[in-house]
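User: Could you pick one spot in this model and walk me through its surroundings in detail? I'd like the cut-offs spelled out as you go.

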Amino acid sequence: RPAGRRAPGGRGVQRPVLERRPDRHAMPRAVHLDDEAARTLQAAGLGARLEAICEPAPLYEWRNGSGTVLLRLGRPLTAPSGWPASSMFHQPDLEALLEERAGDCGVDLRRGEEVVGLEQDGSGVRVVTPSGALRADLAVGADGAGSAVRRLIGARTHDLDFSHAWLVVDVALREARAFDPLNVQVCDPTRPTTAVSGGPGRRRWEFLCLPDEDPAELASPARAWALLAPWDVHPGNATLERHAVYTYRARWAEPWRRGRVLLAGDAAHEMPPFAGEGLCTGIRDAANLAWKLDLALDAPAAAGLLDTYEQERLPDVRAATEFSLGLGEVICVADPAAAAERDAAMAATVGPDAVAAPAPP
């Protein structure tokens, strides 16, 4: 989506951003930031405004269907970066802050502009939209899992053959309510379930779609409320903000760069949400790529530096993806006997104190 040319603002590069949506995305998607991602956003100028929309998450507990604690993971409230190791947030609030900050830096955001063509030559990229075209020295496709830019550059997909449908339900609470623990994973073979903060005043539930269920029926408001009822969440105390079935995948693009066009975020890689690292890896992509684009635009001889982008980022993405898959294999055990064996082994190791959560890969 972004296409760049030298001009004042930010790092010294003005990037017209072509956004196919006419309005800001209103639905919550990512809900977790690690401390490294938060520090990067702070460096981008969000600072205290980011802190105001986040809820620290010092504890993440895994339980079985009977409520027995299988794992109690602690995350420090102050990590070496100065931010909580885990924070929960509402993505539309974050996007509003990012858009405001981008405007302060002179970024030219063009909404309702969908990229439908890319033409490269020795001097730049011609980015085509239904309303016209623009020229750029370099272009970055950060257009999500269904990336048009990835398709237009002919990138292949390396797929780890993971595909599971989950119902994602987000609610806004109508009254203050404490959840203890704040984030919990229910490892129940009858219905693996995730229940976490969706940012201050909000909650998210994720329910695995069972083999005999119709995803369309599962995604109905009535079904969503029925699944929330055991948690004492209902129309009287909460507002349903989103209820949709999503397919979790594990895959990445090959390559991330074709000439003067690069991929970032979900356009370059997708992973299940079990480790909460999807958005964080995209932020790390941006942090790695930003200064390299800056140098490549300053000195054409430095363009080869862009080849190090995928070399440096892919190992991190692979590690985070494989870590997420490993968590999913524990969470989604469907056989009752195997689940009982898992529960006995894990519960036997749980002490009164939380164990340190592993750092992001």
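Skipping neighbours within four places in sequence, leucine 263 is in contact (heavy atoms within 4.5 Å) with Gly141, Ser147, Val149, Arg150, Ile153, Ala155, Ala253, Pro255, Trp256, Ala268 and Tyr309. Keep in mind that this is a predicted model: local features need pLDDT of at least 70, side-chain atom pairs count only at 80 or more, and totals for chains, interfaces and linings use all residues. Numbering starts from 1 along each chain as its sequence is written, and side-chain values use heavy atoms, with hydrogens and water left out.

Now zoom out. Leu263, along with Leu118 and Val127, has the most contacts inside the largest nonpolar core, a set of 30 residues (buried Ala, Val, Leu, Ile, Met, Phe, Trp, Tyr and Cys joined through side-chain atoms within 4.5 Å; buried is under 20% relative accessible area, 1.4 Å probe, protein chains only). Two or more residues each come from strands E11 (124–129), E12 (132–136), E13 (138–141), E18 (238–254) and E20 (261–263), plus helices H7 (278–298) and H8 (307–331) (DSSP runs numbered from the N terminus; helices are H or I, at least four residues, strands E, at least two).

At the E22 end, E7 (69–74) pairs with E22 in parallel over two bridges (DSSP must find at least two for a pair), and leucine 73 stands opposite valine 355.

Technical notes. Buried means under 20% relative accessible area, exposed over 50%, partly exposed in between (1.4 Å probe, protein chains only).
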